[in-house]
Amino acid sequence: MKSELDTLRRRMSVVRILERAGVPISADDLFSKLAESRNFLYPDSRDARMRQLQRDIPFIADVFGIVIERVGKSNYVIADRVPGTVDYNRLFADFDLLTALNPDSGINRHVIPESSRNMGSEHLSEVLNAIKFRRVIEFSYVNYRTGCSERRHSVAPHFLKEDQGLWYVVGYEGERLLIFGLDRMKDLDITDEEFAFDENIDIENYFTDCYGIWNDPATPVEEIELKYDSLDGSFLKARPLHPSQKVIADNADEFRITVRLKITNDFVMELLKRSRSLEVVRPLHLRERVRDVFAGALGRNS
């Protein structure tokens with residue numbers, strides 16, 4: 001197992017070094033930077049290192065979707081990235097944290113992970129296999145919006161999506177494309193029933209106009225203008241509210257942005273996290289909705 005982890009660390013390091021360089025670098029420069037890290041077994045012989053690199057390059061292309069090419073006699077550069085492949089920067093970061101938490105690493109005493117467990121993660125592997133092998137899944141599901149009522153579902157799973165630390169499966173129940181939280185699943189069963197994968201789902205754009213996981217086709221997309229003070233603005237610049245966020249004012253007096261999305265309950269709850277300085281400029285109905293939440297909270301906490 002250790003040698004396999006070493007191999008994966010080395011291949012990740014190759015990608016990182018080439019990514020940071022941004023231009024072709026020589027094999028010797030690459031080897032020098034790899035040797036500096038020494039967080040994996042690494043041969044001393046240049047010939048052995050070259051053979052190793054020639055094995056690493058096709059693996060990186062196949063698994064990470066990152067194409068490395070030789071330029072000239074012995075320079076290397078990232079030439080392409082296969083569309084739709086995994087976000088490798090996040091994958092690498094998660095891998096680094098996971099290996100750091102291994103007691104043998106000696107680093108785990110310096111890392112404080114989130115104390116709450118990601119509920120539903122125990123279903124990830126099974127659901128992923130069901131997607132891969134096109135198998136219908138059956139499960140009991142707890143619906144929070146109907147008083148925690150429980151009902152059995154039969155779903156053709158198509159995609160897994162993460163949102164705010166929780167995992168969701170997107171799939172068809174009959175003709176309807178629905179979303180289920182893995183944390184609310186019980187008695188999951190992977191059936192022998194096969195299904196035809198719907199290649200027409202544009203999953204990359206399905207959630208573009210949403211905040212989070214919920215996409216209600218009946219909810220319109222609206223342009224929203226929000227105003228904050230400069231302190232909250234600093235946090236919103238570091239972590240934008242939504243990919244559509246545009247900054248229209250940024251000074252000592254105010255931080256003002258627009259976002260374009262569907263106004264859902266999840267979005268309203270997110271706005272309330274920065275209610276200390278929040279002012280909803282438009283639309284009016286969102287301003288009133290936030291005001292009503294504040295008014296209700298004031299009444300309950302007077």
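1. Before anything else, a cut-off: "buried" here means under 20% relative accessible area, "exposed" means over 50%, and "partly exposed" is in between, with a 1.4 Å probe and protein chains only. With that in hand, look at helix α8 (residues 265-272), whose buried residues are F267, V268, E270, L271 and L272. Helices (H or I, at least four residues) and strands (E, at least two) are DSSP runs, numbered from the N terminus.

2. Some ground rules. This is a predicted model, where local features need pLDDT of at least 70 and side-chain atom pairs count only at pLDDT 80 or more, while totals for chains, interfaces and linings use all residues. Residues are numbered from 1 along each chain as its sequence is written, and side-chain values use heavy atoms, with hydrogens and water left out.

3. Now the overall picture. The chain has nine helices and 12 strands, and 37% of its 302 residues are buried. Take contacts (heavy atoms within 4.5 Å) between residues at least 6 apart in sequence: 57% of them join residues at least 24 apart. The chain exposes about 18,200 Å², with carbon and sulfur atoms supplying 50% of that; the areas come from Shrake-Rupley with a 1.4 Å probe, and for residues only the protein chains shown count as cover.

4. Back to α8: what do its buried residues pack against? They pack against β9 (221-228), β11 (255-262) and α9 (284-300).

5. Next, the open sheet. Its five strands run in the order β7-β6-β5-β4-β8, with antiparallel pairing. The edges are β7 (176-181) and β8 (185-194), each pairing on one side only. From one strand to the next, the twist averages 45°. Two strands pair if DSSP finds at least two bridges between them; β4 (residues 135-143) and β8, which run antiparallel, are joined by five. In that pair, R135 stands opposite E194 in β8.

6. A helix sits over this sheet: α5 (residues 124-132) lies across β4, β5 (149-163), β6 (166-173) and β8, and runs at about 80° to β5. For that angle, axes are lines fitted to C-alpha atoms (for helices, over the stretch in contact), and angles run from 0 to 180 degrees between N-to-C directions.

7. Last, Q52 in helix α3 (residues 46-64). Why call Q52 buried? Because its relative accessibility is 10%. Leaving out residues up to four places away in sequence, Q52 touches R10, Y42 and P43. With R10 there is also a side-chain to side-chain polar contact at 3.4 Å; the term means a pair of N or O atoms within 3.5 Å, where, within protein, one must be able to donate a hydrogen and the other to accept it, and residues adjacent in sequence count only if both atoms are side-chain atoms.
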